[in-house]
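Two local features of one protein chain are taken up in this report, and the reader may wish to keep the coordinates open while following the text.

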Amino acid sequence: MGMSKEDDFLRYSELKKQLEEASRLYYQDGVSPMSDQDFDFGLKELETLERLYPELSGANSLTKKVGSDLVNDFAKVSHLVPMLSIANVYSAEEMEEFIQAAENGLAELGSDAGKNRAAKWICERKIDGVSLSIVYENGRLKQAATRGDGAQGDDVTLNALTIADIPEVLDPRKLKCDPKDIPQGTFEVRGEVYMEREAFERLNERFVLEGKKIFQNPRNTVAGSLKLKNVSECKTRPMRFLAYHIPQSSNATHEENLLQLKKLGFQTNDFWTAEDSAEIMRISEKIGESRDSLPFDIDGMVVKLNNLQHQKALGTTSKSPRWAIAYKFKAERAYTPLLSVEFQVGRTGAVTPVANLAPVRLAGTTVKRATLHNFDEVARLGLHFGDTVGVEKGGEIIPKITDVKAELRPAGALPVTAPENCPVCGEPLTHIDDEVILRCENLHCKAMVQCLFEHFVSREAMNIENLGPSLIASLLESGKISKISDIYRLTEEDIESQERMAKKSAKNVYDAIQKSKEQSLEHLLHGLGIRFVGRTSARNLAKHFRNLEAIRTATVEELQNVTDVGERIGKSVYDFFHTDRYTREVDELIALGLCTEFKGVVKTLFQGQTAVLTGTLPTLDRDDARKLIEENGGKVSGSVSKKTSWVLAGDAAGSKLAKANELGIPVHDEAWLLAQIAEADADSAPEASSTAPEVSSTTPEISLVATTNKKTAGTNSSSGQMDLFG
């Protein structure tokens with residue numbers, strides 16, 4: 001751990017944000033920004049810090065969550081039995097520890113696993129897909145749901161019915177079985193939705209022809225496909241389903257469950273039996289060596305106790321069963337010559353080196369390119385042209401160079417060095433604010449402009465559907481657009497005149513552009529590309545000031561006082577709205593009819609009040625409690641003073657509680673907080689005014705204590721200046 005408690009708390013906060021963002025990207029956008037192993041190791045570090053400092057842990061901690069389900073377009077349904085995730089191990093030693101713990105647990109419970117004649121452990125390939133629960137009622141499919149948070153998932157029944165492997169009816173005539181074999185009443189089947197590699201590649205080829213954004217890998221494709229609103233489109237996605245579990249079974253063993261599923265017409269996973277950890281590892285290593293020969297991706301082996309009574313006896317933790325474990329394969333590595341290095345310019349002007357490689361087979365695909373991240377990484381590797389380099393797929397997705405075999409370096413090979421000029425526009429490159437990244441500062445650089453337009457139309461900004469990268473490139477090339485406001489001057493004819501654009505498609509794009517004018521203010525703020533302003537700070541600014549004019553006329557100090565904005569973001573926003581070329585373009589956007597008002601609800605329950613949090617709350621972690629207070633108009637301070645309005649205290653509250661009592665400051669618990677919010681929500685009427693009520697003269701003075709550590713104040717998900725104004 002760190003040098004001090006303060007270091008550990010800072011590390012916990014930074015790691016928690018990193019993992020929460022990775023989780024959000026995976027479950028909401030189908031993007032995997034870090035490998036499963038890195039994510040798991042991060043969770044283990046969080047667990048260690050929470051054991052060391054119990055006050056960090058709350059019911060909503062990532063260490064207690066099964067997953068996430070951040071896309072809310074589908075109705076939520078409760079699972080009959082919690083749909084838990086399986087814990088991971090990465091070595092023979094960790095596997096041995098798990099097996100020993102399970103057997104010791106059974107021994108303590110008086111269960112002698114050795115007396116059962118059935119195989120002790122079942123090993124199955126871990127399909128790299130998306131978990132799905134299917135519920136049948138008297139043999140007819142009633143509901144299909146994603147895992148979600150383990151307790152609730154999304155109802156994706158209509159989309160699940162497009163998958164040929166999922167039978168709508170368990171028909172004894174079709175199955176050629178006795179009608180008595182068809183389960184009556186409620187019968188749940190769980191399994192994995194996946195996509196075979198060849199089918200995935202064909203789908204991406206179609207997307208390229210249609211000018212659509214391609215998917216990263218089969219798993220992400222499945223995750224996105226199950227959430228499609230258009231069932232007809234879902235039918236075009238070649239998904240498969242493998243059944244692997246019956247949550248409420250009358251059978252004696254898991255092996256019998258698999259045989260029953262097969263008898264009922266489900267595709268099931270192959271399985272192997274094992275008696276101990278050594279045999280489990282032999283099976284796993286053998287399967288791992290041959291995984292490239294499979295038509296679908298696997299990322300490990302799932303090991304389960306065969307005896308269902310033993311499973312029940314061991315039970316579960318809050319997030320994982322104690323009777324099952326996943327052994328994750330190590331990332332595959334291959335060696336191949338480096339042919340050349342390209343320098344790509346991103347939307348913020350950041351120049352990223354990308355390696356072009358001699359084609360090499362890796363994790364089931366042919367790799368020709370790999371990221372080098374930045375020039376510090378190039379220096380660390382000591383990379384030379386012609387080097388033989390090691391390549392891995394981070395999280396089985398993005399190829400990256402891991403090492404160099406310097407002993408194989410050709411004589412006279414030249415080192416890879418950073419360019420002095422932008423590879424696209426030729427302008428000199430610079431380092432800004434001691435960043436690692438090398439940047440092009442030419443705001444008219446063609447490469448940057450393309451990326452900037454893509455950002456403006458993205459879902460998290462103005463959400464202009466069907467205006468994708470290829471169409472943006474075509475419109476730029478034809479001169480139809482050169483600055484952001486030009487998007488809103490496009491006619492249907494302008495769009496239809498572009499290559500591969502039919503009349504109906506052009507109308508869809510045009511309609512999406514017009515619809516985007518209605519987006520709430522925070523979407524426009526995010527889309528404008530103000531340096532350092534990401535989604536969170538854009539929303540906080542919009543919510544605080546309520547309209548664009550108030551933001552444009554705010555002082556630096558007023559901007560900096562907004563929650564989670566801070567000095568750096570506040571100064572950047574002020575500079576943006578006091579730069580002529582930006583203000584002219586914003587004026588044009590306003591004239592073209594874009595919404596400049598915040599459409600969200602502003603709550604004023606704790607308006608003018610400052611709270612301090614201390615101790616461990618029963619169900620909320622500190623971030624959740626802070627957000628609830630801020631969403632209801634309050635502020636949260638890190639220390640107790642005479643200016644503090646009240647203290648929210650939980651278990652193991654320390655010096656802050658003592659000081660509050662000493663100063664006579666009211667102390668409340670979580671139940672009070674939730675009751676206050678529930679009462680206020682119940683009393684609020686839809687037609688209530690959005691203006692804040694006058695704060696009573698008896699309301700304590702607002703604390704000016706900063707709510708974030710100086711080392712992290714003002715950080716946000718977007719870190720680069722973006723200029724979309726041509």
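This is a predicted model: local features need pLDDT of at least 70, side-chain atom pairs count only at pLDDT 80 or more; totals for chains, interfaces and linings use all residues.

## The parallel sheet

Four strands form an open sheet in the order β20-β19-β21-β22, and their pairing is parallel. At the edges stand β20, which spans residues 635-637, and β22, which spans 667-668, each of them pairing on one side only.

Between β19, covering residues 610-614, and β20, the parallel pairing extends over three bridges, and Val 612 is found opposite Ser 637 of β20. Helix α23, made up of residues 622-631, lies across β19, β20 and β21 (646-649), and its direction makes an angle of about 165° with that of β19.

## The setting of Arg 333

Arg 333 belongs to strand β12, which comprises residues 333-345. Its relative accessibility is 43%, and Arg 333 is therefore classed as partly exposed, since that class lies between the limits of 20% for buried and 50% for exposed residues.

Leaving aside residues up to four places away in sequence, Arg 333 touches Leu 362, Gly 390, Val 391, Glu 392, Thr 402 and Asp 403. With Glu 392 the contact is polar and runs from side chain to side chain at 2.8 Å, while the side chains of Arg 333 and Thr 402 are joined by a polar contact of 3.4 Å. Although Arg 333 and Thr 402 are 69 residues apart along the chain, their C-alpha atoms are separated by 8.6 Å.

Technical notes. Residues are numbered from 1 along each chain as its sequence is written. Side-chain values use heavy atoms; hydrogens and water are left out. Two strands pair if DSSP finds at least two bridges between them. Helices (H or I, at least four residues) and strands (E, at least two) are DSSP runs, numbered from the N terminus. Contact means heavy atoms within 4.5 Å. Axes are lines fitted to C-alpha atoms, for helices over the stretch in contact, and angles run from 0 to 180 degrees between N-to-C directions. Buried means under 20% relative accessible area, exposed over 50%, partly exposed in between (1.4 Å probe, protein chains only). A polar contact is a pair of N or O atoms within 3.5 Å; within protein, one must be able to donate a hydrogen and the other to accept it, and residues adjacent in sequence count only if both atoms are side-chain atoms.
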